[in-house]
Amino acid sequence: MSGSKHKSSGDVAGTAKKHQAIAVETKVKIIERVERGKKMVDITHSYNMNCSTIGMILKNKDKIMEHVKSAVLMISTIILKKRGKVMEEMEKLLSVWMQDQHQHRVPLGLMLIQEKAKSLYEDLKKKHGEESEGASFNASHGWFHWFKARANLHNVKVSGEAASAVTVAAQEFPETL
């Protein structure tokens with residue numbers, strides 16, 4: 001077995017393992033085992049995890065231990081990236097604006113939504129002042145995808161310039177008829 005890599009029974013060549021959330025309790029146990037001097041290989045085999053996963057847990061050891069010291073229950077708690085107040089408020093306002101546009105039957109393009117999101121973010125950043133300094137916001141396609149999921153907007157149809165031209169033509173048609 002010199003130099004060969006082992007594959008677990010569930011791995012198939014070319015497929016990735018499914019992402020699983022790791023409970024904070026498990027992360028703490030892993031950290032404690034490493035601090036007691038256990039070998040990484042033994043830990044990876046006992047928890048059926050990759051070395052890189054164990055490495056990321058050790059890299060974030062301070063955040064994990066800080067979370068544990070807080071009064072939060074440790075039952076299947078997952079540490080997530082916290083969103084800022086400005087971002088949350090901007091997304092609420094954007095959602096309300098989009099609903100208003102929908103009620104007025106105004107077609108929305110991705111560029112229009114992104115520009116509105118940026119302008120709302122900048123206005124709120126100025127309003128909240130220093131607490132939001134340093135945070136930058138780029139209304140990317142990825143952000144919009146996750147915004148739709150967070151706002152539960154599953155029937156949003158984003159139209160482009162061609163669709164808005166069709167709307168203008170449709171409004172002018174009765175007059176020419």
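**A buried threonine and an aromatic cluster**

Guide: Thr44 counts as buried, since its relative accessibility is 8% and buried means under 20% relative accessible area, with exposed over 50% and partly exposed in between (1.4 Å probe, protein chains only). This is a predicted model, in which local features need pLDDT of at least 70 and side-chain atom pairs count only at pLDDT 80 or more, while totals for chains, interfaces and linings use all residues. Residues are numbered from 1 along each chain as its sequence is written, and side-chain values use heavy atoms, with hydrogens and water left out.

Visitor: Which backbone oxygen does the side chain of Thr44 reach?

Guide: Thr44 belongs to helix H2, residues 40–47, where helices are DSSP runs of H or I with at least four residues, numbered from the N terminus. At a distance of 2.7 Å, its side chain reaches the backbone oxygen of Val41.

Visitor: Are the planes of Trp143 and Phe144 stacked, edge-to-face or tilted?

Guide: Rings of Phe, Tyr and Trp (its six-membered ring) pair if their centres lie within 6.5 Å, and planes under 30 degrees apart count as stacked, over 60 as edge-to-face and the rest as tilted. The structure holds 3 aromatic pairs. In the pair of Trp143 and Phe144 the centres are 6.3 Å apart and the planes stand at 50°, so the pair is tilted.

Visitor: Which residues form one aromatic cluster?

Guide: Phe144 also forms a tilted pair with Phe147, at 6.4 Å centre to centre and 40° between the planes. Phe144 and Phe147 both lie in helix H7 (residues 141–150), 3 residues apart, about one turn of the helix. Phe147 is buried, at a relative accessible area of 1%, and the one aromatic cluster is formed by Trp143, Phe144 and Phe147.

Notes: Helix = DSSP H or I, 4+ residues; strand = E, 2+ residues; numbered from the N terminus. Polar contact = N/O pair within 3.5 Å; in protein donor to acceptor, adjacent residues only side chain to side chain.
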